[in-house]
Amino acid sequence: MNTAALLLAGGTLLALMQQQWLLRRPPRLLELQSSTASSGPAALSLRFSRPMNRASLAKHSRLQPPLPHQWLGDDNPLRLLLAANQPINGAIAMLIRGADRRGLAMQPQRWSWDPRPRLLAVVPSGNGEQLQLMQRNGTWRPLTPTVDRITAVTPLGDGSGIAMASRNNTSEQLWLLPLKQSALRREGEPGSAEVQAGSLQALLPEPLIFAHLSSNQRGDLLVQWSARTLGRSITSFWPRQGNRQQLELEASGPMQLLPEGGALVVPELEGLSLRNLPGRPERRQLLPGSRDLSSFCPVSGRALLVRHWPDFRRSLELVEPGQPPRQLWLGGDAVLSTACDRGGERVWLLLSHWRDAQRNRLLEINRKGQIVHQKDLADWQVEPGAPMAYDPTRQQLLLTLRQPGKQEPQPVLIPVATLELEPLAKAVRRALWLPPG
């Protein structure tokens, strides 16, 4: 046998040995990602080195506390979904173990998972304001230096940073604050579970007249802005991976990125249009009428709109793909803010009487338009422009309210089961949720 034949035979034998070794190698967990869920408080995506036996994982894996959950998927990756209507009050200890389809067991792994968003606030500090974060132990920590005034704050949807605009006596400046955080920690890994903040980075060199910010769950950032030197409005788009792009879009108001990414809602004189972002085929779908986008629902494609009628009444509408808007409420009160659970099964609506701004009401409405619960906020003033946000992990709303006679507003948590107000002892100008990493 010549040398070439020996080398070929040796290579074939080596390949067969490697193949047998790989076939007998136990499966491994390659990737673990925490994500929001449309039908529950949170979910995990798990990717393995080999297709796993889902029933084996469901049987042998454990959560502590033992929260009801289910495993989804037929191949690789798989998804662990926490059941709906259960609050998460702390970090979840996870034991992940099971076998692949060949019956080979993976090495058990232990993780800590905390999918709860953190409370972020614009806080008065000296002669200015700064961003502060509530840590897991309940204490507050500054994230930024003190600036004259913070005019806009938008956390990136993937938790990797915070976009903000600050104003001095003459102009605004746009900043990005990078963050390091993770909802997941492997047992025994060193490092802190708290958020680590970087240094403020200027996103635009020009001093601005105004800036409106929007982000999505991918971490993309959209900014509508204008500078004195330009004299017109510009729309800039920063994809999570890539360089800044300028979008040639005309809008009659603030644009919003879709939470799941890939498109944005553009207010126009004719109505609201849905446009694709760069990298996708051009598309413009128009919903005519005088409407404002109020909030998105967790289920993709669902949103709440406020419609303005010629007789000065307003209505709240639920929009769903392929269906006409569904009217949930109609009245003469001003709609201050809204929030939505899942696909619109539960909707919360904050109203203010048009003649008496102190007469504020919080309503819970089902998708049939029926009022399920309501709460009179007569002892509180609603901070203008402060949105209402829903946290499905704790099943509570977040509002920024002010008690009569108090100089500064404060964050107020409202469990949706009772609609009872739970004020936090912290003077702020605005409070919002920071998504987990």
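Start with the sulfur atoms: this structure holds one disulfide. Keep in mind as you click around that you're looking at a predicted model.

Select Cys-297 and Cys-340, the two residues that the disulfide joins, with 2.0 Å from S to S. A disulfide is a covalent bond between the sulfur atoms of two cysteines. Now color the chain around the pair: Cys-297 sits in the loop between β25 and β26, while Cys-340 belongs to strand β29 (residues 334-341).

Select Leu-274, Gln-285, Gly-301, Val-319 and Pro-321, the closest to the centre of the second largest pocket among the 29 residues lining it. The space in there comes to about 620 Å³. Show the strands β22 (263-268), β23 (271-276), β24 (284-288), β25 (291-296) and β26 (303-308), each of which gives two or more residues to the lining. Color the lining by class and you'll get 17 nonpolar, seven polar and five charged residues.

Now head for the largest nonpolar core, a set of 23 residues. Pick out Leu-32, Leu-46, Leu-82, Met-94, Ile-96 and Trp-113, which have the most contacts inside the core. Elements giving it two or more residues include β1 (29-35), β2 (43-48) and β7 (109-113).

Last, zoom in on Leu-46. What does Leu-46 touch, leaving out residues up to four places away in sequence? Its partners include Leu-29, Glu-31, Trp-71, Asn-76, Pro-77 and Ile-96.

How values were computed:
Residues are numbered from 1 along each chain as its sequence is written. This is a predicted model: local features need pLDDT of at least 70, side-chain atom pairs count only at pLDDT 80 or more; totals for chains, interfaces and linings use all residues. Side-chain values use heavy atoms; hydrogens and water are left out. A nonpolar core is a set of buried Ala, Val, Leu, Ile, Met, Phe, Trp, Tyr and Cys residues joined through side-chain atoms within 4.5 Å. Buried means under 20% relative accessible area, exposed over 50%, partly exposed in between (1.4 Å probe, protein chains only). Helices (H or I, at least four residues) and strands (E, at least two) are DSSP runs, numbered from the N terminus. Contact means heavy atoms within 4.5 Å. On a 1 Å grid over the protein atoms alone, a cavity is a set of points where a 1.4 Å probe fits but cannot get out, and a pocket is an open set with protein on both sides within 12 Å along at least five of seven lines; lining residues have an atom within 4 Å of a point. Grid points are joined across faces, edges and corners, and a volume is the space filled by probe spheres set on the points. Ala, Val, Leu, Ile, Met, Phe, Trp, Tyr, Cys and Pro count as nonpolar, Asp, Glu, Lys and Arg as charged, and the others, Gly among them, as polar. A disulfide is a pair of cysteine sulfur atoms within 2.5 Å.
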